[in-house]
Amino acid sequence: MSGTAAGVDARLPIRSDLDLVWVRQHVRQAAAAVGFGLVEQTKLVTAASELARNTLVYGGGGEVATERVQDGRGTHGLRLTFTDRGPGIPDLEQALSDGYTSGDGLGLGLGGARRLVHEFAIDSAPGSGTTVTVTSWADRPPRPREELR
Amino acid sequence: MPEHDTAARNAQNPTPTEEVGAFLSRRREQIAQRWADEPLFRAVFTVSRDEAVEAGRAIADALAQVAGSGRVEDTDGSGFTPVREQLAMTAASRARAGLTTAQISREVDALRVPAVDLLVADLPQASSEHVRECATTLTALMGTLRLVVMETSLTEGQALIDRQQVQLLEVATPVIRLWDGIVAVPLIGTLDSARSQVVMETLLESVVDQQARFAILDITGVPTVDSLVAQHLMKTVAAVRLMGAECVVSGIRPAIAQTIVHLGLDLPVVTRSSLADALAYALHRLGADIVSVTPGGAGPR
């Protein structure tokens, strides 16, 4: 495991339920360090929790990289990249729709996580694993509804 | 000492292991004195140097005994038994000071150099090949010591984790009777599958025991409510309903409320922001409203 508990730029393994706890705590600390308010912290941590669990349950384990980013206007943000080498997602549109699950969850994880962050990107194909990248910015209102597909 | 006898018997032609064992016993005092000046001992025994020397003597004795047994690479050797506790304490002390396992390992390895120096100086008459063999043996023996230190510190760490896991289960979930027919569970920490199962069982049992009409699930102490936590909550709520009681989820903080909305979660259950509100709701439904005493009547007498 590289990085430190309080570090912003780090790479954490996701291999067990205990790792999920660690990921949540790390993301909360990193978000606080970047300057997120309590609501944005909670939203990002919840999104991270959903995506990390997907990585564990559907991707068969993987890792998350956290990185501090800055936009052109000097706003700080936090980018999380979840990577697994699992079976991949055959139908992204379906996977992102609320209520759809290939397991026994509520089917809100992926779509819910997308609504909880400012930027969301997913890259997946059957057999080649899945990479989900999310970014949230401190001091920026939630993205407008029409951006949602 | 037995090593001495062995060494004496083979005085003409001792094996490297016997030679090293005899050397460790013979030069015990010098070795301990040199070790007391090494970073590992200086950092651990801060009160007095005598203490460090004493610890060094104990380790030298242990190594001499292991060499005497002839198995210099056996980390389970009985020779290490008397010093295991001391080694564990030493490693734990360095770990507390913030050193990584690798750094501690290097500090233990640093003890090898003065010991080998003394060994070489102690064998002026021996052939260079014999000296080399003895030095190799001593190096192997010090490597074993290093492994023993790592092993004891890992065992310590595992024991600590085991104790903490047992502690965590004890923290689990008390079910509190708030009023006749009203029970509450303050949920704290991570609500994973195993813990939510424990919560559901204890809650359902107490609904029966207390003949409760209302069960309040307070999530003030749950830092993250994601879809899995919500799913566990809803399963508990459904089970409580099947028992004929009504559930109230309380302790929903503003940040959690916003998150739940964005996540798209629908909580088909009565919710309240605080435990007090939830209790007032349940009391009201039981027909036991809390009312203010008429003005002037509640003053101190």
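1. In the predicted model, Ile188(B) has Gly221(B) as its bridge partner in strand 3 of chain B. Strand 3 covers residues 214-221 and pairs with strand 2 of chain B in the parallel sense, over 6 bridges. Strands pair here if DSSP finds at least two bridges between them. Strands (E, at least two residues) and helices (H or I, at least four) are DSSP runs numbered from the N terminus.

2. Residues are numbered from 1 along each chain as its sequence is written, and chains are lettered from A and ligands numbered from 1 in the order in which they are written. As the model is predicted, local features need pLDDT of at least 70 and side-chain atom pairs count only at pLDDT 80 or more, while totals for chains, interfaces and linings use all residues.

3. Strand 2 of chain B also runs antiparallel to strand 1 (residues 176-179) of chain B, to which 3 bridges join it. The partner of Arg177(B) in strand 2 is Val183(B). The hairpin of these two strands has 2 residues between them, and Gly181(B) takes a positive phi near 85° there.

4. Strand 2 (residues 182-188) of chain B is largely enclosed by the rest of the structure, because 5 of its 7 residues are buried. A residue is buried if 20 or more other C-beta atoms, placed from the backbone, lie within 10 Å of its own.

5. Helix 10 (residues 193-209) and helix 11 (residues 227-242) of chain B pack at about 20°, with axes 10 Å apart. Helix 10 is therefore roughly parallel to helix 11 of chain B, a term for angles under 35 degrees. Axes are lines fitted to C-alpha atoms, for helices over the stretch in contact, and angles run from 0 to 180 degrees between N-to-C directions. Among the residues that meet are Leu203(B) in helix 10 and Ala239(B) in helix 11; contact requires C-beta atoms, placed from the backbone, within 7 Å.

6. The axes of helix 3 (residues 28-36) and helix 8 (residues 112-122) of chain B come within 9 Å and cross at roughly 145°. Residues of helix 3, including Ile31(B) and Trp35(B), meet Pro114(B), Ala115(B) and Leu118(B) in helix 8 of chain B.

7. The contact between the chains takes 17 residues from chain B and 21 residues from chain A. On the chain B side, helix 11 and helix 12 (254-263) are the elements that give two or more residues. Helix 12 of chain B supplies the largest share of that side, 6 residues.

Conventions
Contact = placed C-beta atoms within 7 Å. Parallel < 35°, antiparallel > 145°, perpendicular 65-115°, else oblique. Buried ≥ 20, exposed ≤ 12 C-beta atoms within 10 Å, placed from the backbone.
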